[in-house]
Amino acid sequence: LTVWNEEMGRLGGGIGTRGPGETQLETDKRYIRSRIQKLRENLEDVRKVRAEQRRRRQKNDLPVVALVGYTNAGKSTLLNALTGAGIPANNRLFDTLDTTTRRLWLPELQREILLSDTVGFIAKLPHHLVEAFRATLEELEYADLLIHVIDSADPERDDHIAVVDRLIAELAAPGTPVLECYNKCDLVADDEIPRGQDKVAISAASGFGLDALKEAVEQLLGRGKHHVKLLLPYAVGGMVAALHDTAQVLSSSYTENGIELDAIVDETLFGRLRQYVTEEV
């Protein structure tokens, strides 16, 4: 901001006076301070909107899956391929600056999930950029599953994986499962792609491996869950409300013998209701 030239100097008529250069510098500083304050207010508004969106998702009991990865790894292309989102997916850094969320139906779980694209990470992300992207990156904290999209053909792949892993550890909730998704697998030799649990190879551009990716998402979201049919006596009918609050109730009906329910429950709830299970699907 400092102006140093022959026309605008710090000193005007003499010692203790202000020249045009100092006057312009103060004006510019005031404008920039005002602009920064306005942007911070806008970011706070975005946070409030996203908090309300998350509250509605939790009320609707929809699992959230977030796409994360190094910038230009193909996250937006993958979101388009899975959901038909139609968002821009260009070959450039930081093409995605805001979260885009779309619904995706998973037949094995018999439910919808919310799939969110996020801003790409970079090495040595400056602190002020982390703050600016915080409204977008907060999505990681509330996700039920993270899909780490990796550019298989990236010459610095291992370094970039380490960068993303470090930021996931910083931003995501502890214990959030991570699925490593090796995108652009058609551009490298097959033996260059790691294999194992919670790893899948795909090509978002061609559609290769998308079914395997969905199956892996279903398995991770369903890990520790039980799909059961229950018959609750009317004497314990109060547990129906608990089921609706903490489990996924697919159907319910009232019969002469009690309340029949088809539900997906977690391990804790399964243990409490085991005596009422008539069938485990």
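1. Tyr-31, Ile-32 and Ile-36 together make a nonpolar surface patch of about 290 Å². Such patches consist of residues with over 30% relative accessible area and no salt bridge, where like charges are joined within 9 Å and nonpolar side chains (Val, Leu, Ile, Met, Phe, Trp, Tyr) within 5 Å. Accessible areas come from the Shrake-Rupley method with a 1.4 Å probe, and for residues only the protein chains shown count as cover. Ile-36 belongs to helix H1 (residues 20–60) and counts as partly exposed, at 39% relative accessibility. In this note, buried means under 20% relative accessible area, exposed over 50%, and partly exposed in between (1.4 Å probe, protein chains only).

2. The model is predicted: local features need pLDDT of at least 70 and side-chain atom pairs count only at pLDDT 80 or more, while totals for chains, interfaces and linings use all residues. Residues are numbered from 1 along each chain as its sequence is written, and side-chain values use heavy atoms, with hydrogens and water left out.

3. The chain contains 8 helices and 10 strands; these are DSSP runs numbered from the N terminus (helices are H or I, at least four residues; strands are E, at least two). Of its 281 residues, 41% count as buried. The accessible surface comes to about 16,000 Å², and carbon and sulfur atoms hold 49% of that area.

4. Helix H2 (residues 75–83) has Lys-75, Ser-76, Leu-78, Leu-79 and Leu-82 as its buried residues. Viewed down the axis of H2, these fall within an arc of 160°, so they line one face of the helix; the arc is that of the directions from the helix axis to the C-beta atoms. They pack against strands E1 (64–69), E2 (100–106), E3 (111–117), E4 (145–151) and E5 (178–183), and against helix H6 (210–222). Contact here means heavy atoms within 4.5 Å. Gly-84, which follows H2, has a positive phi near 70°.

5. Strand E3 is largely enclosed by the rest of the structure, because 6 of its 7 residues are buried. E3 pairs with E1 in the parallel sense over 4 bridges, and E2 and E3 run antiparallel, joined by 7 bridges. Two strands pair if DSSP finds at least two bridges between them. Ser-116 in E3 is the bridge partner of Ala-66, and Arg-111 in E3 is that of Leu-106. The hairpin of E2 and E3 has 4 residues between the strands, and Gln-110 in this hairpin takes a positive phi near 55°.

6. Pro-63 lies in the loop between H1 and E1 and counts as buried, at 11% relative accessibility. Its C-alpha atom is 6.2 Å from that of Leu-114, although the two residues are 51 residues apart along the chain. Leaving aside residues up to four places away in sequence, Pro-63 touches Arg-111, Glu-112, Ile-113, Leu-114, Asp-144 and Leu-221.

7. The whole structure has 4 salt bridges, each a side-chain nitrogen of Lys or Arg within 4 Å of a carboxyl oxygen of Asp or Glu. Arg-103 and Glu-112 form one of them, with the closest N and O atoms 2.7 Å apart. Another joins Lys-184 and Asp-151 (3.2 Å, N to O). Lys-184 lies in the loop between E5 and strand E6 (199–201) and Asp-151 in strand E4, so this pair ties together parts that are 33 residues apart in sequence. Lys-184 is partly exposed at 22%, whereas Asp-151 counts as buried at 15% relative accessibility.
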